[in-house]
Amino acid sequence: MAWRGRLSFKVYNPIKPEKYGVKQYMLVESISGYIYDFEVYCGIGKTVIETVTGLIEPLMDKGYHLYMDNYYNSVNLSETLRERKVYTCGTIRLPRGTPKELQLKAKGKIPLDTTIFRRKDNTVIILWKDKRVVSLITNLHNADTMQVQRRKRISKRDILSSVEQVTVNKPTAICDYNRYMIGVDHFDQMVKYYQFTRKCHKWTKR
């Protein structure tokens, strides 16, 4: 949340539209964008696993599906939540517990529209080559793929080049991730429509 005043736990993120603000971790319903719970980052060092398990604690042992981006996901977190009947899916940073073999493959040349996966018990790591390599971890999917339509520009050099529809074999886990990881985006969209921040002016004392 945007904030430029004096605050000890104000954070700076150069890639955000509002570069200074208060950082929040939110647990959001995946379709409606309704916030179930949130936690404000106050500068206190907590691990990612502690943050996620703290937010999801009331919903554990009930079979919920949890979708997360690569900031939170790791093999350890996926296995920990699986033991509490929370089934997870999301992108992952490869150094966070994935096999060394997959890390080397991701750095090499992978043919377009290729799926590579490795499984350990119920946890599956998937690499899929689209325009770049997409890495994903899930314990509620397998490595099945489905055919989806995608737009492709025929010639990049020509400004007036035509666009055609091509069929690609996309992992089902990535399709579900794109479908259900819109809750926080929906919330951000609603906040943008109904602005509650106001510009403040400092009144000098007489």
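Keep in mind that the model is predicted.

Let's begin with the whole chain. There are 206 residues in the protein chain. Its secondary structure comes to five helices and 11 strands. What does the C-alpha trace span along its principal axes? About 70 × 55 × 30 Å.

Next, burial and surface. Buried residues make up 31% of the chain. The protein chain exposes about 14,600 Å². Carbon and sulfur atoms supply 53% of that area.

Now contacts along the sequence.

On to the helix pair. Please find helix 1, residues 48-56, and helix 2, residues 75-83. Their axes are 11 Å apart. The two helices pack at an angle of about 30°. Angles under 35 degrees count as roughly parallel, so helix 1 and helix 2 are roughly parallel to each other. The crossing of helix 1 and helix 2 is right-handed.

Which residues make the contact? From helix 1, look at Ile49, Val52, Thr53 and Ile56. From helix 2, look at Asn76, Leu77 and Leu81. By type, five residues of this contact are nonpolar and two are polar. None is charged.

To recap the pair: helix 1 and helix 2 run roughly parallel, cross in a right-handed way, and meet through five nonpolar and two polar residues.

Methods: Residues numbered from 1 in each chain as written. Predicted model: local features only at pLDDT ≥ 70, side-chain atom pairs only at ≥ 80, totals over all residues. Heavy atoms only, no water. Axes fitted to C-alpha atoms, helices over the stretch in contact; angles between N-to-C directions. Helix = DSSP H or I, 4+ residues; strand = E, 2+ residues; numbered from the N terminus. Parallel < 35°, antiparallel > 145°, perpendicular 65-115°, else oblique. Left-handed = near helix turned anticlockwise from the far one by under 90°. Contact = heavy atoms within 4.5 Å. Nonpolar A, V, L, I, M, F, W, Y, C, P; charged D, E, K, R; others polar. Buried < 20%, exposed > 50% of the residue type's maximum accessible area, 1.4 Å probe, protein only. Areas by Shrake-Rupley, 256 points an atom, 1.4 Å probe, with all protein chains shown as cover.
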